[in-house]
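Hi,

Here's the structure I promised to pass on. Have a look at it first, and then read on for what turned up.

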There are 2 protein chains.
Amino acid sequence: MRATIFRGPYDVRVEDVPEPVIQRPTDAVVRILRACVCGSDLWAYRGETARKPGQRIGHEFLGTVEAVGAEVTGVRVGDLVVVPFVWSDGVCDYCREGLTTSCEHGGFWGAVGHDGGQGEAARVPYADGTLVKLPQEAASDDRLLAALLSLSDVMGTGHHAALGAGVRPGATVAVVGDGAVGLCAVLAAKRLGAEQIIALGRHGDRTDIARRFGATDVVAERGEAAVEAVRALTRGQGAHAVVEAVGTEQSMRTALDITRDGGAVGYVGVPHGSATGVDLSTMFARNIALRGGVAPVRAYIPDLLPDVLDGRLDPSPVFDLTVGIEGVPGGYQAMDERTALKVLVTNG
Amino acid sequence: MRATIFRGPYDVRVEDVPEPVIQRPTDAVVRILRACVCGSDLWAYRGETARKPGQRIGHEFLGTVEAVGAEVTGVRVGDLVVVPFVWSDGVCDYCREGLTTSCEHGGFWGAVGHDGGQGEAARVPYADGTLVKLPQEAASDDRLLAALLSLSDVMGTGHHAALGAGVRPGATVAVVGDGAVGLCAVLAAKRLGAEQIIALGRHGDRTDIARRFGATDVVAERGEAAVEAVRALTRGQGAHAVVEAVGTEQSMRTALDITRDGGAVGYVGVPHGSATGVDLSTMFARNIALRGGVAPVRAYIPDLLPDVLDGRLDPSPVFDLTVGIEGVPGGYQAMDERTALKVLVTNG
């Protein structure tokens with residue numbers, strides 16, 4: 001089959017690799033229908049996170065179960081399933097509590113010896129814990145498939161950020177970052193009842209989506225000017241709940257600076273370096289909480305899926321470029337150059 | 001009157017100062033019955049936080065109202081009152097929400113031009129917002145006065161830490177720091193229903209108090225050995241809720257390292273430097289929240305006071321040395337040298 005391989009910085013290639021097979025009785029093999037490229041894939045693409053040449057890449061996908069191991073009982077061959085960006089056993093303490101990203105047997109797609117999501121198929125460890133069944137009829141609905149695909153990462157991650165930030169009905173929310181996760185955080189905040197949602201972003205096409213998703217205000221400034229703009233929109237106080245969906249020093253600093261005293265920053269931007277942008281003295285004086293991390297999206301799917309299926313929650317507009325599997329390297333380039341927001345990969 | 005003055009590092013003196021008088025119609029003057037020395041006073045004493053020679057010092061006190069301004073309606077001359085370590089107007093957005101430390105008109109005792117708590121009397125700005133009436137009969141009960149005094153800071157701060165850490169009934173809690181705030185956090189955790197409370201501390205006399213306050217386990221090790229000891233007590237997972245009550249790089253690092261994935265560190269140790277000990281990558285991977293700051297003790301008094309009055313909550317054992325006003329400099333020295341845990345100052 002064909003799959004995307006990381007060969008080095010700015011060098012991902014689609015190559016022939018062996019077809020995945022069941023290795024353990026808890027495995028499934030999934031034939032991939034839809035996948036996509038994540039903002040966090042770009043850190044690897046740019047050589048900013050450690051990844052060895054030859055590793056697979058891609059961690060967001062959905063598809064059809066093609067084979068199951070002897071112990072798999074939750075899904076059957078032929079089922080349409082969505083695959084979270086971390087696999088998890090579904091039975092350990094953490095999985096039972098909903099923190100599937102801390103699963104004792106969990107792991108990330110593309111780890112050495114494991115398949116990635118940007119290929120034609122993948123072996124899924126702990127299929128019963130990991131996979132979530134989707135209605136079969138969704139397979140013929142392109143828009144719905146794209147929306148469902150977002151449950152594998154960005155929509156669940158945006159939801160995690162909104163929860164971490166403490167979004168509640170009536171809250172004033174600010175979202176730092178106009179990438180797909182930031183936009184999904186706007187959707188999540190709206191869904192959780194936020195009254196005012198301030199989207200911080202400089203790209204008109206993206207902030208247009210933010211407005212469509214529920215943003216009431218857009219702030220295009222950065223740094224100190226952004227802080228002033230948000231304060232002007234919030235009676236000088238800042239936002240109760242702030243989402244940090246970038247992961248840079250400046251974005252974290254901005255997020256803390258625009259948070260209202262007593263509020264929280266929900267952060268899901270993968271942090272680069274240790275404590276970048278975190279000023280503990282400011283947090284201390286103003287009682288600002290910092291809560292977030294790698295999103296346990298598996299645990300959120302049962303909550304979010306019904307809203308996606310009935311159309312109340314539709315993250316599909318975050319995909320603005322569609323490629324086939326051979327087009328994946330071009331997709332990376334487009335996202336790296338910001339000519340695409342998020343690239344959808346269709347197989348067949 | 002006599003009051004304690006900061007003259008320079010390791011040099012606090014009790015000197016003659018003018019009697020406080022009503023300056024604004026919202027002021028009260030309180031004749032101080034009990035005060036104490038705080039661990040955070042030691043940072044000033046040691047010259048580690050900025051303070052100008054000549055500034056007053058001390059921020060925990062209770063006493064009797066001696067005069068009130070024309071607009072004060074909540075307290076009368078003769079009332080016994082406890083005074084939180086920050087004054088607050090009681091009517092701004094933040095005060096109404098219970099975040100009195102962010103009061104638009106708030107301030108700290110000992111600020112330039114303001115009285116400190118370690119003296120014979122103090123002018124209290126915003127008396128109606130700041131002061132909390134106590135039952136008059138408490139004035140003749142030494143133990144109860146000491147317990148009530150703790151509501152001005154340490155007990156409320158320990159409670160804030162426990163709330164920040166997310167202590168809930170049945171939780172496993174760890175407390176880093178065996179100072180008075182750490183010990184009060186043990187009491188607070190017990191009061192909030194924690195099942196297992198691990199106190200980290202090296203001083204036997206202090207950890208004995210921790211056990212008396214509800215600690216189920218004591219860990220005397222530090223650094224990596226402390227982390228291993230806590231993991232051994234928590235099925236390898238760490239504590240759901242961890243209190244950081246020191247404020248150093250090592251204590252914050254230890255606190256994060258002993259927190260269970262998905263848990264929280266409630267921090268109330270005044271941070272020294274920016275982001276010391278905060279490892280955002282660890283927090284991200286393990287979904288550990290950081291929540292705390294300067295404690296809005298004024299807002300907690302109505303909740304904690306009934307328990308103190310009926311004896312269910314008794315922080316008074318944190319005071320292990322009592323001095324008169326002239327003994328305050330010796331009290332600082334005793335706390336600095338750790339021969340005293342917390343010094344009580346009695347006037348009359």
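A cut-off to start with: a residue is called buried if 20 or more other C-beta atoms lie within 10 Å of its own, and exposed if 12 or fewer do. Bear in mind that this is a predicted model.

With that in hand, take Arg235(B): it has 10 C-beta neighbours inside 10 Å, so it counts as exposed. This arginine sits in the loop between α8 (223-233) and β13 (239-244) of chain B, and its phi is positive, near 50°.

Asn287(B), though, is buried, because 24 other C-beta atoms lie within 10 Å.

Next, helix α12 (residues 328-336) of chain B. Its buried residues include Val328(B), Gly331(B), Tyr332(B) and Met335(B). These cover an arc of only 100° around the axis, so they are on the same side of α12(B). They pack against β1 (2-8), β2 (11-16), α1 (39-45), β16 (321-324) and β17 (343-346) of chain B. Just after α12(B) comes Arg338(B), with a positive phi of about 60°.

Finally, how do the chains relate? Chain A superposes on chain B by a rotation of 180° with 0.0 Å of shift along the axis, at an RMSD of 0.0 Å. The two copies are therefore related as by a two-fold rotation axis. In chain A, the C-alpha nearest that axis belongs to Leu290(A), 2.6 Å away. Both copies use the same surface, since 100% of the contact residues of chain A recur in chain B.

Cheers

Conventions. Residues numbered from 1 in each chain as written. Chains lettered and ligands numbered in written order. Predicted model: local features only at pLDDT ≥ 70, side-chain atom pairs only at ≥ 80, totals over all residues. Helix = DSSP H or I, 4+ residues; strand = E, 2+ residues; numbered from the N terminus. Arc of directions from axis to C-beta. Contact = placed C-beta atoms within 7 Å. Least-squares fit on C-alpha atoms with pLDDT ≥ 70 in both.
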